[in-house]
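Biologist: Before I rely on any label in this model, I would like to hear what stands behind it. Could we take the terms one at a time?

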Amino acid sequence: MTTLHRSRLFALSSSLALGIAAQLAPVQQASAEVPAARIVREPPAALLRGAPAAPGTSGPSLMAATPLKARPQTSNVGTEVFYDLAIRYVDGKIYNPDTQTDDAVRLRAFQGEATDPLIPYIGPKVELWPGETFRLTLRNELPEDDPSCEPRDEHNGPHCFNSTNMHTHGLWVSPSGNSDNVLLTIKPQTSFQYEYNVPADHPAGTFWYHPHLHGATALQVASGMAGPLIIRGDRLPKPREDGSLIPGDIDTLLTAPSGEAFRERVLVFQQIAYACRDQAGKIKTAADGKWICETGDVGGIESYAGQFGITATGSTVWNASGRRTAINGLVEPYVVGARAGEVERWRFIHAGVRDSIRLSFRKLDPAQASARPGKGQQAREQFIQQACTGAPLAQFAVAGDGLTRNAVSTRDATVFQPGYREDLLMVFPEPGTYCIVDETLHPEQSVNNESYPRELLGYVTVEGSAAGKAPEAVLRQALEAAAKARMPQGKVRDKVLADLADGLKLNAFAPHADIAAGEVTGQRSLGFQIVLPGSPDQAPLFEVGEIGTGGNGEPVPLNSSPYEPGRLDRLLELGAVDEWKLTAFSFGHPFHIHVNPFQIVSVKDPEGNEVSGAPVPDANGIPSQYANMQGTWRDTLFLQQGYIATVRSRYRRYIGDFVLHCHILDHEDEGMMQNVRIALPGTANSGMPTPMPMAHH
């Protein structure tokens, strides 16, 4: 081994050691009262490589490891980075707050070099720069013997749980070939290398990745198969001749004058729907119907039967199960190490399947500082009422679905539907313990269409002394100091500071220009609906169609049907700009479309009232979940039943076949999905060939 190779290998070993130490540091520094096994850990950073494997080896060369900080955006256009990610069965434990014990589980999981054995059911954090090519080798090491993949006539519904593929949710990349192609099938004991060419003008932001094989998506994601994908950016805003600015990356503003980025946390919500079954295959339950695992049991997800969808009594399986939303693979965990009066960037990703979350932070009553909830849901509800009594803490949203907003949105609660992401700037005003609470939502505001009590998601422990300033004043001061130190002198700095003074505007960092009405070239509509069966022995139909007009002028389903793999449902034209009307005819459904994001123009309730502007609380003090969404850009939007959302989208750069669907992933598996093609102008609709399984040879 040469001296150069030894030095590179030593550098890699050192970076690995530092990464492990960084993961363990919070545990070592934590208060004795905080159980070390329940401290939130950052998803381990994927160890990206800078060169392909040598001939005859199994993975990228260790000698070519390139630390992330050595890859500045300005010099990495064309840089290739490599990562190997396997899918295997993994044994682990998940804390059950009902019993206050750990349940043993065996689940399909992502496994890479950076896997943290203490949080095995979350994928590594992938960090990329615009202009890079990310070559991800996905190794499906699940067993070939898959009873769910027997020959079947129906393509909708759960099947082929050991086959898989990959979707980079929210990335603006090609949907074709070996890029973000969710029409591929990677069978067991097969490897395939994806190639994601991240464009040089891709916005910096918070994205994520997860499997997307029709029929197996919900089961795999509900096993914890999801991970964060962060696009970094160091582009400063630049002046145009007309006086406006070419937008820069929000990362450059969320930085102290010293150049050190604000402390960052990546927090992934998951609903891991494991169950323990008896010898007859029936899910074990307590007297109240909640799922239980007894001594010696091992929980798993091997069937949709009883673990997804609706119970025989009409309630949602997830709510009835008693399972709880996890944060980075941990249930009811502690986020430690926050300091009073400092600004932190919290990147939230809702990577779950079956829960709506209305997130708030409330100070734990100091008199209850050592109290924790007893066993069972009723005890947790009582604990929240008696101990989590502080006023909701201010949250400052700077990005939604990875895309920087035009202005900071200040709120005391944030609604997360499956697929949503929010970047929140958090300032804890004083030391102590804070409760992370899932507040009440009206049934129609939730993917489960059910009322539910306030739920405890976890805790934040805050150190230091009282800040002495209101959180908004601390935030404003930090952003202005960053702008003065980091923004170029002259027009750029003056504009950024003027915007911050005018309602904390972020125009210089919003990546997409507004779509004006005059830019629109076409009109489209979409409606989700569930057609309930006429008899108990029939299954409901999960359909997507368009919006028609009924005899009284009301919206009605038009051309609605379940997913058909070989059918082209929508042909879009490259370069076109469409305005879409979106609704849900039965229950509520999160709409997600791949490749191109959309801008929200309007959301109106069934009475025609605009609800996407300034928040207006209802009689119970709950504002619309669409408050302050008007003008923002997203890739996922919950469609509340009877509401009409108007959005606009540009079809830029990429052609190919992809999908739109409901992001209640068991709905997608059941057929609530459509095939979409973006084609060159004037291309005739020649039909859509049935996708064929592909493998890496």
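Biologist: Which strands each supply at least two residues of the lining of the largest cavity?

Modeller: Strand S5 (167-169) and strand S28 (589-593) do so, where strands (E, at least two residues) and helices (H or I, at least four residues) are DSSP runs numbered from the N terminus. This is a predicted model, in which local features need pLDDT of at least 70 and side-chain atom pairs count only at pLDDT 80 or more, while totals for chains, interfaces and linings use all residues. Residues are numbered from 1 along each chain as its sequence is written, and side-chain values use heavy atoms, with hydrogens and water left out.

Biologist: What makes a space in the structure a cavity?

Modeller: On a 1 Å grid over the protein atoms alone, a cavity is a set of points where a 1.4 Å probe fits but cannot get out, and its lining residues have an atom within 4 Å of a point. The search of the whole structure finds 5 cavities of 30 Å³ or more, and about 210 Å³ of space lies in the largest cavity. The largest cavity is lined by 22 residues, and the closest to its centre are Trp 172, His 512, Val 595, Asn 596 and Pro 597.

Biologist: How do the residues of that lining divide into nonpolar, polar and charged?

Modeller: The lining of the largest cavity has 9 nonpolar, 8 polar and 5 charged residues; Ala, Val, Leu, Ile, Met, Phe, Trp, Tyr, Cys and Pro count as nonpolar, Asp, Glu, Lys and Arg as charged, and the others, Gly among them, as polar.

Biologist: Why is Cys 149 called partly exposed, and why does Cys 160 count as buried?

Modeller: Buried means under 20% relative accessible area, exposed over 50%, and partly exposed in between (1.4 Å probe, protein chains only). Cys 149 has a relative accessible area of 29%, so Cys 149 is partly exposed, whereas Cys 160, at 15%, counts as buried.

Biologist: What makes Cys 149 and Cys 160 a disulfide?

Modeller: A disulfide is a pair of cysteine sulfur atoms within 2.5 Å, and the sulfur atoms of Cys 149 and Cys 160 are 1.9 Å apart, so the pair qualifies. The torsion about their S-S bond is about 70°, so this disulfide is right-handed.

Biologist: How many disulfides does the rule give?

Modeller: The count comes to 3 disulfides. Cys 276 and Cys 293 form one, with sulfur atoms 2.0 Å apart, and with 95° about the S-S bond their link is right-handed. Cys 276 lies in the loop between strand S11 (263-270) and helix H3 (317-321), as does Cys 293, so the pair ties together parts that are 17 residues apart in sequence. Another disulfide joins Cys 388 to Cys 435, S to S 2.1 Å, and with -75° about the S-S bond that link is left-handed.

Biologist: Why is one side of strand S25 and of strand S30 left without a neighbour in the sheet?

Modeller: Two strands pair if DSSP finds at least two bridges between them. The open sheet of 7 strands has the order S25-S24-S23-S27-S32-S29-S30, with mixed pairing. Strand S25 (555-561) and strand S30 (633-634) stand at its edges with a single partner strand each, so one side of each has no neighbour there.

Biologist: How do you know that strand S23 and strand S27 pair?

Modeller: Strand S23 (residues 522-531) and strand S27 (residues 577-584) share 7 bridges in the parallel sense, and at least two are required, so they pair. In S27, Ala 584 is the bridge partner of Phe 528.

Technical notes. On a 1 Å grid over the protein atoms alone, a cavity is a set of points where a 1.4 Å probe fits but cannot get out, and a pocket is an open set with protein on both sides within 12 Å along at least five of seven lines; lining residues have an atom within 4 Å of a point. Grid points are joined across faces, edges and corners, and a volume is the space filled by probe spheres set on the points.
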